[in-house]
Amino acid sequence: MRQHEVRTQLGRVPVQMFAANDRMNQMLIEHLDPAAWRAKPPAKPPDKARTIAAIFTHVHNVRCKWVRLTAPHLKVPLQLNRAHCTPQQAREGLAESAARCEEMLAEALGGEGGRIEKFRRDGWAPEWPAGVEMLCYMLAHEAHHRGQVCMLAHQMGFALPYEASDGIWNWEKLWRECGWPRGPGYGS
């Protein structure tokens, strides 16, 4: 009974939250100095650090894995190659993988009676019942990597402009940009 109650209570909120989450990623790429995309981060040893390009391709590729393992009936986007991916390819790939994750979340948590009952985040990890924990895990994973991108850009001398660094915290604006004019908490 709990699972049905959770799905009914959440409605479209998981989809909206994930859309706003993806908009944050898109904002960072939009405002990132192109020279920062493949710049080598300061690390010891230097070959162990991910570039910003590698971080965003990782985010996309992990989303693809979540969809493949959790919702195999959905079309899984093609993975991105971190060595060759351009910012535009990353933006397009992230938009597509976000759309699939939103479909997956709608089926799992949206009260639509979808066929998703378990969240499989990786082949080695135990599966979880589809619940709000699934959404929290997905958002936390991406927030972690956004933090890495902001930190690396700053450390390498490519600090993000205010529109991006602070814009990712303006949820009302993010919500509007995603097509929900009333903002968070209004079931728009």
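Contact means heavy atoms within 4.5 Å. The exercises below concern a predicted model.

**Exercise 1. The surroundings of Ile52**

Determine which residues Ile52 touches, not counting residues up to four places away in sequence, and which core Ile52 belongs to.

*Solution.* Step 1: with those sequence neighbours set aside, Ile52 touches Leu32, Ala36, Trp37, Val149, Leu152, Ala153 and Met156.
Step 1: Ile52 is among the residues with the most contacts inside the largest nonpolar core, together with Leu28, Leu32, Trp37 and Phe56. This core has 30 residues.
Step 2: helices H2 (13-31), H3 (52-70), H4 (87-109), H5 (132-155) and H7 (171-177) each give two or more residues to the core. The largest share, six residues, comes from H2.

**Exercise 2. An aromatic pair**

Classify the ring pair formed by Trp37 and Phe56, and state whether the two residues are buried or exposed.

*Solution.* Step 1: the structure holds eight aromatic pairs. In the pair of Trp37 and Phe56, the ring centres are 6.1 Å apart and the planes stand at 10°.
Step 1: planes under 30 degrees apart count as stacked; the pair is therefore stacked.
Step 2: Trp37 lies in the loop between H2 and H3, whereas Phe56 lies in helix H3, so the pair ties together parts that are 19 residues apart in sequence.
Step 3: both Trp37 and Phe56 are buried.

**Exercise 3. The position of Thr86**

Locate Thr86, and decide how exposed Thr86 is.

*Solution.* Step 1: Thr86 is found in the loop between H3 and H4.
Step 1: the relative accessible area of Thr86 is 33%. Buried means under 20% and exposed over 50%; Thr86 is therefore partly exposed.
Step 2: not counting residues up to four places away in sequence, Thr86 touches Trp37 and Arg38.
Step 3: Pro34 is 52 residues from Thr86 along the chain, and their C-alpha atoms are separated by 9.5 Å.

**Exercise 4. The packing of H2 and H4**

Describe how H2 and H4 are oriented, and what kinds of residues make up their contact.

*Solution.* Step 1: the axes of H2 and H4 are 9 Å apart and form an angle of about 170°.
Step 1: angles over 145 degrees count as roughly antiparallel, so H2 is roughly antiparallel to H4.
Step 2: the residues in contact include Phe18, Asp22 and Ile29 in H2, and Arg91, Leu94 and Leu105 in H4.
Step 3: the residues of this contact divide into 14 nonpolar, two polar and four charged.

Technical notes: Residues are numbered from 1 along each chain as its sequence is written. This is a predicted model: local features need pLDDT of at least 70, side-chain atom pairs count only at pLDDT 80 or more; totals for chains, interfaces and linings use all residues. Side-chain values use heavy atoms; hydrogens and water are left out. A nonpolar core is a set of buried Ala, Val, Leu, Ile, Met, Phe, Trp, Tyr and Cys residues joined through side-chain atoms within 4.5 Å. Buried means under 20% relative accessible area, exposed over 50%, partly exposed in between (1.4 Å probe, protein chains only). Helices (H or I, at least four residues) and strands (E, at least two) are DSSP runs, numbered from the N terminus. Rings of Phe, Tyr and Trp (its six-membered ring) pair if their centres lie within 6.5 Å; planes under 30 degrees apart count as stacked, over 60 as edge-to-face and the rest as tilted. Axes are lines fitted to C-alpha atoms, for helices over the stretch in contact, and angles run from 0 to 180 degrees between N-to-C directions. Angles under 35 degrees count as roughly parallel, over 145 as roughly antiparallel, 65 to 115 as roughly perpendicular and the rest as oblique. Ala, Val, Leu, Ile, Met, Phe, Trp, Tyr, Cys and Pro count as nonpolar, Asp, Glu, Lys and Arg as charged, and the others, Gly among them, as polar.
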